Amino acid sequence: MTSTTPIAATARLLPTRGVQLGRGARMPLAAAGLAEHRARYGAVPAIRDARELAAVVDAAGVRGRGGAGFPTARKITAVAAGRRRPIVVVNACESEPASNKDAVLLRGATHLVLDGALIAARALRAPTVVVCLHRGDPVTAQLSAAMAERGGDGVDWRLAEVPRRYVASEASALARFLTDGEARPTARPPRPEQRGVRGRPTLIDNAETLAQLALAVRYGPDWYRAVGTRSDPGTALVTVSGCVARPGVYEIELGAPLSAAIGAAGGPAAPIGGTLVGGYGGTWVRDPGLPLSHDPAGPDGTTIGAGAIVALPADACGVTETARVLRFLAGESAGQCGPCAFGLPAVADDVARLAAGRVDADLAARLTRRLRQVNGRGACAHPTGAVRLARSMLRAFADDLRAHQAGRPCPPRPPVLPIPAPTMMERTWQ
């Protein structure tokens, strides 16, 4: 590994304390060119092979930042065990409507992400790195220019534009899209690490994961573990929005309480009635002291997930907000399995009836039964995430729920959670 002066632990990924995304705010980060990036970080560290890379990454404790928090070293080891030449895929598709962290990272630290992908490709002897973005992503031109600067890297850099669909960036969906042009998740196993793009072992990692890998290799496991928790070291980017003074993307230490993320965004702009943590497959949280990490915490097993945190004002209705999200998730399913094709629309209908106060005698039992039938049975994690969201709503907003069940829904107010307009999403999977 190359020895350089470590950057500050509190600003590992972002060169500023945060990137505000509030009304009228601009993203102030401008990506450094390759020469400026090298002046700050030094040359790409030399790693002999996949075994050495996995050992360093395992010692550092790097975990995936795309949502699941899977140990990155285990993915690398699985890909290296394959018999065919592997492929490395950078998942830079930002599918979570409440998240903007990957876009900010790609704008402000493009070459750090590409360094991570290059380190992995060289260690795995992978000749090709494919960077996946949603079709029409405004960062595409900047990313293409950064890849063009890296002609001497010794790998074939490619850019793939993926349909703008919520589940199109799931790992198996990306592998399928890069193989036959259809961006729908596939049933598991095998995982892409075993048989992915065109049947090859494929390392698919989120953009932030690869930036974290680049830092861990460059500065070593001890430096990487200087912040965070023992089981989940390092920092993470979070997008904090909703009822906060300065909505934006911030870098926090893993294990920090939810209140720290809210505080980084300037604190509450008004009393908070609940906070959605982890994106639209995450959970509603009422405890500001809940630790933010990839390790489940609290009564609903809350994790940081995709790093999206939305503070809900106390005068907003968590039942109504959840109903809106569930309708969106049902519409964005790939429709390939029963839990998605039939279960999610049925759950969304039940919660919509709750939100409107149109409750029949069987609704509570019916919803409980449907949540149980859908959970864990999809071809991908999409329906399970929707169940997690719905179940946490039933717990976090129990008082509101009782009023809704009695036919007294909350009064209308402007929505808080962002739902993409139909014109922003594509209907095609190709």
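These questions and answers go through a predicted model of one protein chain.

Visitor: How many helices and strands are in the chain?
Guide: The model is a predicted one. Its chain holds both kinds of element, and the count is 15 helices and 10 strands.

Visitor: Why does the chain count as being as compact as a globular protein of its length?
Guide: For 430 residues the globule rule gives 22 Å. The chain comes close to that value, so it is as compact as a globular protein of that length. Its radius of gyration is 21 Å.

Visitor: What box do the C-alpha atoms of the chain fill?
Guide: The box is taken along the principal axes. Its sides are roughly 65 × 45 × 40 Å.

Visitor: What percentage of the 430 residues in the chain is buried?
Guide: A residue is buried when its relative accessible area is under 20%. Of the 430 residues, the buried ones make up 56%.

Visitor: What share of the contacts with a separation of 6 or more joins residues 24 or more positions apart?
Guide: The contacts considered here have a separation of 6 or more. Within that set, residues 24 or more positions apart account for 74%.

Visitor: How far apart are the centres of the positive and negative side chains?
Guide: The chain has 52 positive side chains and 36 negative ones.

Visitor: Is serine 293 buried or exposed?
Guide: Serine 293 sits in the loop between β9 (283–285) and β10 (308–313). Its relative accessible area is 6%. The cut-off for a buried residue is under 20%, so serine 293 is buried.

Visitor: Which residue has its backbone nitrogen 3.0 Å from a polar atom of the side chain of serine 293?
Guide: Beyond four places in sequence, serine 293 touches Asp232, Leu254, Gly255, Thr303 and Ile304. The backbone nitrogen at 3.0 Å from a polar atom of its side chain belongs to aspartate 295.

Visitor: Where does glycine 278 lie, and which residues is it in contact with beyond four places in sequence?
Guide: Glycine 278 lies in the loop between β8 (272–277) and β9. At 10% relative accessibility, glycine 278 counts as buried. Leaving aside neighbours within four places, its contacts are Thr303, Ile304, Gly305, Ala306 and Ala308.

Visitor: How far apart in space are glycine 278 and valine 104?
Guide: Along the sequence, glycine 278 and valine 104 are 174 residues apart. From C-alpha to C-alpha, the separation in space is 18 Å.

Visitor: What distance separates the C-alpha atoms of serine 241 and glycine 278?
Guide: Serine 241 belongs to strand β6 (residues 235–242). With a relative accessible area of 17%, serine 241 is buried. Serine 241 and glycine 278 are 37 residues apart along the chain, and their C-alpha atoms are separated by 12 Å.

Visitor: Which residues does serine 241 touch, not counting those up to four places away in sequence?
Guide: Residues up to four places away are left out of this list. Serine 241 then touches Pro247, Ile309, Val310 and Ala311.

Visitor: Which residue has a side chain in polar contact with the side chain of histidine 111?
Guide: Histidine 111 is in helix α5 and, at 2% relative accessibility, counts as buried. The polar contact, at 3.1 Å, is with the side chain of glutamate 149.

Visitor: What is phi of arginine 125?
Guide: Arginine 125 is in the loop between α5 (110–124) and β3 (128–134). Its relative accessibility is 46%, and it counts as partly exposed. Arginine 125 is a residue other than glycine, yet its phi is positive, near 60°.

Visitor: What is the phi of arginine 198?
Guide: Arginine 198 is found in the loop between α7 (171–180) and β5 (202–206). At 41% relative accessibility, arginine 198 counts as partly exposed. Although arginine 198 is not a glycine, its phi is positive, about 50°.

Visitor: Is glycine 152 buried or exposed?
Guide: Glycine 152 is in the loop between α6 (140–148) and β4 (156–162). Its relative accessible area is 71%. Exposed means over 50%, so glycine 152 is exposed.

How values were computed:
Residues are numbered from 1 along each chain as its sequence is written. This is a predicted model: local features need pLDDT of at least 70, side-chain atom pairs count only at pLDDT 80 or more; totals for chains, interfaces and linings use all residues. Side-chain values use heavy atoms; hydrogens and water are left out. Helices (H or I, at least four residues) and strands (E, at least two) are DSSP runs, numbered from the N terminus. The radius of gyration is taken over C-alpha atoms; the globule rule is 2.2 Å times the number of residues to the power 0.38. Buried means under 20% relative accessible area, exposed over 50%, partly exposed in between (1.4 Å probe, protein chains only). Contact means heavy atoms within 4.5 Å. Lys and Arg count as positive and Asp and Glu as negative; His and the chain ends are not counted. The place of a charge is taken as NZ of Lys, CZ of Arg, CG of Asp or CD of Glu. A polar contact is a pair of N or O atoms within 3.5 Å; within protein, one must be able to donate a hydrogen and the other to accept it, and residues adjacent in sequence count only if both atoms are side-chain atoms.
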